[in-house]
Amino acid sequence: MSCGAAESADGARLKRSDTLYRIVVMRTAVRRLAALAAPLLACAPEVTFTKDIAPILQAKCQSCHRPGQIAPMSLLTYQEARPYAHAIRMSVAIGNMPPFYAAGPPGYFKDDIRLTEKEKQLLADWANADAPEGDPALLPAPIAWDDSEWPLGEPDLVLHFPRHSPRPNYKDQYVTLVSDQALAEDTWVRALHLKTQSKQVIHHSTLFLWDPATEMPEGGMSLEHINPKENPLFTWFPGFLADPLPPGQAILLPKGWRVAGRTHFAPTRTRVSEEMALGIYHADGPIDSVQKNIAVFIGDLRIPPGKSDYTRTERMEFPEDAQLSHFRVHMHLRGKSAKFILNYPDGSKREIFDLLRYRFAWQRYYYLAEPLTVPKGTVAEFVGVWDNSAANPQNPDPTMWCFTGRRTIDEMFGATIFYTPLAKLAIPLRIEKGRRVDGSGPMGQERGSSQLL
Ligand code: HEC
C-alpha cells in the first residue's frame with residue numbers, strides 16, 4: 001500500500017476540477033487522521049524529492065549549493081542531490097547546515113535560512129526512505145538565481161587587487177592585498193561589492209581603508225599595519241551579498257586612500273588564481289545619517305586547559321538613541337556561543353542576540369528583519385563562552401592555557417552591534433554622484449566611525 005500515491009493523485013485531481021473540492025477536503029481530513037496513525041500503521045505519506053525536498057533546498061540551501069557558488073556540491077537537481085541524501089540528514093541533525101546559528105522567533109532575522117522542525121523531519125524521512133524522486137510534475141519551477149558578475153548592477157568605480165595564488169598545501173593562508181589604485185577624490189558610497197572568482201577557496205575577506213601616507217612595509221602589508229578599529233569597511237563572507245545602505249546614508253572613502261583586503265584562503269589542494277575586485281556604487285542625494293556601532297574587545301582572556309564553559313562579559317553603553325540593525329561576533333577555534341543582552345535605563349532587560357553556536361568557519365553578520373530602537377544610556381552586555389575541552393573537535397590543544405592573541409590558535413572576543421543614530425543630521429550633506437557639493441560640514445569627521453555593514 002502506498003500512501004504517497006493516494007496523496008499525489010488527490011493533488012492532481014484538485015487541480016483538474018473544483019467540483020471535486022469537497023471530496024478532496026473530506027479525503028484530506030481522512031488522510032490527516034491516517035497521518036496521525038501513520039507511525040502505528042507504518043504508512044506515512046511518502047516523502048519525495050519533487051514534492052517535499054526540492055522546495056526546501058530552493059529556499060534554504062541553493063543560495064550556496066549551486067554551480068559557481070561557495071558550497072562544494074550543487075543541490076539544484078534530483079540527480080545532484082540524491083547522492084547526498086544521507087550527508088544532508090547527518091549535517092542537518094548535528095546542526096552544521098544550514099550555516100545560521102542564532103536563535104530567535106520566526107521573522108526576527110533577515111535572510112533567515114533556519115530549517116523548521118517539519119523541514120528537518122522531511123529531509124531525514126527522505127534519506128531514510130532511500131531518497132525517492134516522486135512525480136516530476138510536482139517539481140517546483142527552478143529559481144532564477146542572479147549569477148551576474150555584479151548582482152547590484154554595474155559599479156560606478158572598480159578597484160582591482162593584485163592577483164594572488166594561495167599555495168595548494170591544505171593549510172589556511174591569510175594574505176593582505178592592497179588595491180592597485182588609490183581613490184582619486186573623496187568618494188561617498190552607498191554600496192560596495194567584492195567580486196571573487198574562487199568562491200570555494202576564499203573563506204572571508206575583511207576590507208579596510210588604508211592611508212598610503214603610512215609607508216608600505218617591506219614584504220607587503222599585514223594586519224599590524226592597518227588600524228582596523230579606525231577604518232574597517234566590511235567583511236565579505238561566502239554566500240553573502242552586501243545590501244546597499246538605506247537612503248540617506250553613505251560612507252566616505254577618502255581621497256588618496258586605498259582599500260586593503262585581509263583575506264583568508266581556506267585549505268586547498270587545487271591551484272587557484274584569484275583576482276578580487278571591489279565594485280563601488282556612488283551615493284546620490286541628501287545624506288542625513290551615518291551608520292555607527294558599539295563594539296567590545298576583551299584583551300585578557302585566560303582560558304584554563306580543559307574548561308568547557310569559560311565565560312566573560314563586557315559592557316558598553318549606547319551614547320545616543322539608536323536603531324539597531326545587525327550583530328557580529330568574532331572568536332577563534334575555542335569560541336562556543338555568545339549572547340547580547342540590553343539593560344534599559346528603566347531597569348528592564350532584554351536578550352537581543354543568542355548565538356547558540358559559534359563556528360570559526362562561519363562568521364557572518366546577523367541582520368534583524370526590523371530595526372530595534374533603544375534609548376540613550378542603554379547598556380549592552382556582551383557575553384562570550386569558550387570551550388577549551390577535548391569535547392570541542394576544533395580545539396588545537398585542550399591541555400594548554402589559552403590567551404588573547406592574533407594567531408588562530410590563540411583566542412579573541414570581538415563583538416559588535418551596528419546601529420544608526422535616531423537623530424538625523426540637522427543639515428543634510430548634499431552628495432551628487434558620489435561627490436560632496438555643499439562645501440565642508442560636520443560629516444567630514446565621521447569617516448572613522450562610519451561603516452557600510
Ligand atoms: C551560506 C552558504 C550555505 C548554505 C545556505 C548551505 N550550505 Fe551546505 N555547505 C556550504 C559550504 C561552504 C560547505 C562546505 C564547508 C562546510 O561544511 O562548512 C557546505 C557543506 C554541506 C554539506 C557537506 C557535509 C557537511 O556537513 O559539511 C552538506 C550535506 C550540506 N552542506 C547541506 C546543506 C543543506 C541541506 C543546506 C540547506 C538546508 C545547506 N547545506 C545550506 C554552504 C552552505
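Two bridges join strand E21 (residues 429–432) to E22, and the two strands run antiparallel. Before I go on with that pair, a word on conventions: residue numbers start from 1 along each chain as its sequence is written. What we have is a predicted model, in which local features need pLDDT of at least 70 and side-chain atom pairs count only at pLDDT 80 or more, while totals for chains, interfaces and linings use all residues. Strands (E, at least two residues) and helices (H or I, at least four) are DSSP runs numbered from the N terminus, and two strands are said to pair if DSSP finds at least two bridges between them.

Within the pair I opened with, Ile431 stands opposite Arg436 in E22, and the loop between E21 and E22 holds Lys433. Phi of Lys433 is near 45°, which is a positive value in a residue other than glycine. Is Lys433 buried or exposed? The terms rest on a count of other C-beta atoms, placed from the backbone, within 10 Å of a residue's own: 20 or more is buried, 12 or fewer is exposed, and anything in between is partly exposed. Lys433 has 11 other C-beta atoms within 10 Å, and therefore it is exposed.

Let me turn to strand E8, residues 258–265, which is mostly covered, since seven of its eight residues are buried. E8 pairs with strand E3 (residues 173–178) in the antiparallel sense over six bridges, and there Gln173 has Phe265 of E8 as its bridge partner. Strand E5 (residues 202–210) also runs antiparallel to E8, and eight bridges join the two; in this case the bridge partner of Trp210 in E8 is Arg258. As background, side chains in a regular strand alternate between the two faces of the sheet.

Now to a helix. How far apart are the end C-alpha atoms of helix H6? H6 covers residues 117–128, and its twelve residues, at 1.5 Å a residue, should span 16 Å, which agrees with the 16 Å between its end C-alpha atoms; the expected span is 1.5 Å times one less than the number of residues. Leu123, Trp126 and Ala127 are buried in H6. These three cover an arc of only 100° around the axis, so they lie on the same side of H6, where the arc is taken from the directions from the helix axis to the C-beta atoms. On the face turned away from that buried side, H6 carries the exposed residues Glu117, Lys118 and Asn128. Helix H3 (49–60) and helix H5 (85–93) are among what covers the buried residues of H6. After H6 comes Asp130, whose phi is positive, near 70°.

There are two further backbone details in loops that I would like to point out. The loop between H5 and strand E1 (102–103) contains Pro98, and the peptide bond from Met97 to Pro98 is cis, with omega near -10°. In the loop between E1 and H6 we find Asp111, a residue other than glycine whose phi is positive, near 50°. Asp111 has 15 other C-beta atoms within 10 Å and is partly exposed.

Leaving aside residues up to four places away in sequence, Glu317 touches Gly377 and Val379, a contact being two residues whose C-beta atoms, placed from the backbone, lie within 7 Å. Glu317 and Gly377 are 60 residues apart along the chain, yet their C-alpha atoms are separated by 5.8 Å.

Finally, the chain as a whole and the confidence in it. The protein chain has six helices and 22 strands, and buried residues make up 32% of its 453 residues. Of its contacts with a separation of 6 or more, 82% are accounted for by residues 24 or more positions apart. The mean pLDDT, the predictor's confidence in each residue on a scale from 0 to 100, is 84 for the protein chain, with 82% of residues reaching 70 or more. Residues 37–41 have pLDDT below 50, and this stretch has two contacts in the model beyond near neighbours in sequence. For residues 442–453 pLDDT stays under 50 as well, and the model has 32 contacts for them beyond four places in sequence.
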